[in-house]
Amino acid sequence: MAEERSKEDIVAEYLGQNPQLAQWVETFRTYCESNKQWDARREFILRNMEAFPTVEPGVPSSSLDRLLSLSMVWANHVFLGCSYPQAVMDKIKEMGEGIVVVDAPVHKTTKDGILARGKRSATAEVDADGCVKRAKCGPNELDSRPVGRQKSGPLPQAPAEHQPFFNRLYKAVAWKLVSAGGFGPNLDHFEILRSCAESCKETLTCVFVPLKDIAGLPAGRTQKEGHVCEIRCQTVYMGTGYGRDESAAKAMASKEALKVFQGRKVTVKICRRRYKGKDVEDLMLLDEQPRSQGFPPALSYPFQDEQLEDGSS
């Protein structure tokens with residue numbers, strides 16, 4: 001304990017001698033981090049700054065983005081038991097050498113964690129970009145994945161249950177965009193969204209449907225080629241996009257989803273929208289901007305609905 005206290009004193013003294021650095025580093029603390037977690041991750045950042053010579057306090061850069069990402073990966077591994085590809089694990093182990101976390105939590109093995117979570121639905125597959133792809137769930141095919149024993153959409157308390165996660169995601173997206181120089185058309189919008197979701201220990205769900213299979217398009221729409229993509233996270237709808245192929249549709253849906261994060265906050269709400277020709281209640285991520293038009297129709301529906309199950313029209 002004396003050794004650890006000595007290290008804390010060293011870090012505090014160093015930051016006291018560099019007040020501008022201390023103020024800058026504090027901007028990377030997420031609201032959900034305890035003092036213990038943040039002290040450890042802060043030490044990780046400070047110890048490894050020299051390994052990223054292009055990192056300058058107050059200056060966004062790809063090197064800073066990488067350092068912060070690695071610090072979050074290391075903290076997730078130490079405090080939450082998350083595991084990553086072996087090359088990444090070797091890297092963060094090397095970078096975290098010498099950092100002592102007193103009373104660090106003991107986690108179950110990866111195998112135990114997988115067994116506890118159960119098997120993933122057979123209709124889901126993980127694509128090369130790291131999102132769960134539900135290509136088999138089309139507009140006329142109900143996603144049969146049960147959520148408890150629900151029969152009529154999301155539970156009333158669902159928004160409050162999901163809000164803490166999206167508050168964390170909002171913070172992650174905010175600093176990611178700052179590091180990238182702000183929101184713009186030349187960003188890899190999906191990569192930003194994916195990496196931020198994974199830093200919060202979640203995975204995006206992408207549903208793709210050929211445009212020609214979507215009913216109820218505006219009468220003046222003659223374009224029938226291409227795909228539409230819908231992005232969700234934790235069953236909450238985030239954005240829809242159209243493109244000539246699945247990749248382009250996913251990029252556009254990601255861009256639309258990121259637009260929601262441009263306001264002062266994001267809010268999970270239960271809203272009415274169309275699915276399979278019916279009005280259903282769906283969980284949606286919204287900003288504070290007023291909407292002059294309705295929401296795009298749902299391509300998937302992660303809740304069981306009694307009327308839909310009965311097949312009534």
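User: What makes Trp 38, Ala 40, Arg 41, Arg 42, Glu 43, Phe 44, Ile 45, Leu 46 and Asn 48 the buried residues of helix 3?
Analyst: Those residues of helix 3 count as buried because buried means under 20% relative accessible area, with exposed over 50% and partly exposed in between (1.4 Å probe, protein chains only). One caveat: this is a predicted model, where local features need pLDDT of at least 70, side-chain atom pairs count only at pLDDT 80 or more, and totals for chains, interfaces and linings use all residues. Residues are numbered from 1 along each chain as its sequence is written, and side-chain values use heavy atoms, with hydrogens and water left out.

User: How do you know what span to expect for helix 3, residues 35-48?
Analyst: The expected span is 1.5 Å times one less than the number of residues. Helix 3 has 14 residues and reaches 20 Å from its first C-alpha to its last, close to the 20 Å expected. Helices here are DSSP runs (H or I, at least four residues), strands likewise (E, at least two), numbered from the N terminus. The protein chain has ten helices and seven strands.

User: Why is the aromatic pair of Tyr 275 and Tyr 301 called stacked?
Analyst: Rings of Phe, Tyr and Trp (its six-membered ring) pair if their centres lie within 6.5 Å; planes under 30 degrees apart are stacked, over 60 edge-to-face, the rest tilted. Tyr 275 and Tyr 301 sit 5.5 Å centre to centre with 25° between the planes, so they pass on both counts. The structure holds five aromatic pairs.

User: What does the pair tie together?
Analyst: Tyr 275 is in strand 6 (residues 267-275), and Tyr 301 is in the loop between strand 7 (278-286) and helix 10 (306-310), so the pair ties together parts 26 residues apart in sequence.

User: Are Tyr 275 and Tyr 301 buried or exposed?
Analyst: Tyr 275 has a relative accessible area of 1%, so it is buried. Tyr 301, at 0%, counts as buried too.

User: And why is the pair of Tyr 301 and Phe 303 called edge-to-face?
Analyst: Tyr 301 and Phe 303 are 5.4 Å apart centre to centre, with 75° between the planes, so the angle lands in the edge-to-face class. Tyr 275, Tyr 301 and Phe 303 form one aromatic cluster.

User: How do you know that Arg 273 lies over the face of Tyr 237?
Analyst: The test wants NZ of Lys or CZ of Arg within 6 Å of the ring centre and within 35 degrees of the ring normal. Arg 273 is at 4.0 Å from the ring centre of Tyr 237. Lys 250 lies over the face of Phe 190, at 4.4 Å from the ring centre.
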